[in-house]
Amino acid sequence: MSDNAELVKLYSSRILALTADMPFTDRLPDADATVKKRAPLCGSTVTVDVKMQNGVISSFGQDVKACALGQASAAILGGAVIGRTVAELEAARDELRAMLKNDGPVPQAPFDGLEALLPARDYKNRHASILLAFDAVVEAAQLAQAQKE
């Protein structure tokens with residue numbers, strides 16, 4: 001397959017649709033925790049704000065400056081993050097990492113939309129950007145939960 005055909009496959013219409021419809025793009029002024037992460041290789045950055053109540057994410061905001069794959073990942077995260085525990089977010093992050101780096105299965109619902117990123121397995125230089133939002137939300141949720149204990 002030519003390089004152009006590979007890029008078309010990677011940046012599918014589904015990926016591009018996700019980037020255009022990212023939820024929770026407003027920051028939270030009263031967040032319990034805020035974490036900013038940067039992927040050094042590509043320069044992508046993600047900042048997430050979380051509020052936690054009764055052990056779950058109750059409010060979420062994100063500022064995403066990333067490639068389309070990083071934006072798509074953040075959009076999928078945003079669509080499923082409310083009501084999730086730290087453990088659920090850690091599992092989703094770990095499943096996404098395994099999917100990309102070890103040919104693992106697609107993460108379980110409600111993060112199964114990450115299946116759209118399967119073609120990115122072969123593009124190791126994109127993995128950090130794809131993982132960025134998940135790394136940030138896990139750290140923020142851990143910090144927020146620690147403050148509540």
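These legends describe close-up views of a predicted model.

**View 1. Helices α4 and α5 pack against each other in a left-handed crossing.** Helix α4 spans residues 86–101 and helix α5 residues 124–148; their axes come within 9 Å and cross at roughly 160°. The two helices are therefore roughly antiparallel to each other, since angles over 145 degrees count as such. Residues of α4 in the contact include Val86, Leu89, Leu96 and Leu100, and those of α5 include Ile130, Leu131, Phe134 and Val138. By class, the contact has 11 nonpolar, three polar and five charged residues.

**View 2. Aspartate 49 and arginine 27 form a salt bridge.** The N to O distance between their side chains is 2.6 Å. Aspartate 49 belongs to strand β2 (residues 45–53) and arginine 27 to the loop between α2 (13–20) and β1 (33–38), so the pair ties together parts 22 residues apart in sequence. Aspartate 49 is buried, at 0% relative accessibility, whereas arginine 27 is partly exposed, at 41%.

**View 3. Asp30, Asp32 and Lys51 are linked in a network of salt bridges.** Between aspartate 32 and lysine 51, the closest N and O atoms are 3.8 Å apart. Aspartate 32 sits in the loop between α2 and β1 and lysine 51 in strand β2, so this pair joins parts 19 residues apart in sequence. Aspartate 32 is buried, with a relative accessible area of 16%; lysine 51 is partly exposed, with 23%.

**View 4. Arginine 121 forms a salt bridge with aspartate 103.** Their closest N and O atoms are 3.7 Å apart. Both residues lie in the loop between α4 and α5, so the bridge ties together parts 18 residues apart in sequence. Aspartate 103 is exposed, with a relative accessible area of 59%.

Definitions and conventions
Residues are numbered from 1 along each chain as its sequence is written. This is a predicted model: local features need pLDDT of at least 70, side-chain atom pairs count only at pLDDT 80 or more; totals for chains, interfaces and linings use all residues. Side-chain values use heavy atoms; hydrogens and water are left out. Axes are lines fitted to C-alpha atoms, for helices over the stretch in contact, and angles run from 0 to 180 degrees between N-to-C directions. Helices (H or I, at least four residues) and strands (E, at least two) are DSSP runs, numbered from the N terminus. Angles under 35 degrees count as roughly parallel, over 145 as roughly antiparallel, 65 to 115 as roughly perpendicular and the rest as oblique. A crossing is left-handed if the near helix is turned anticlockwise from the far one by less than a right angle, and right-handed if clockwise. Contact means heavy atoms within 4.5 Å. Ala, Val, Leu, Ile, Met, Phe, Trp, Tyr, Cys and Pro count as nonpolar, Asp, Glu, Lys and Arg as charged, and the others, Gly among them, as polar. A salt bridge is a side-chain nitrogen of Lys or Arg within 4 Å of a carboxyl oxygen of Asp or Glu. Buried means under 20% relative accessible area, exposed over 50%, partly exposed in between (1.4 Å probe, protein chains only).
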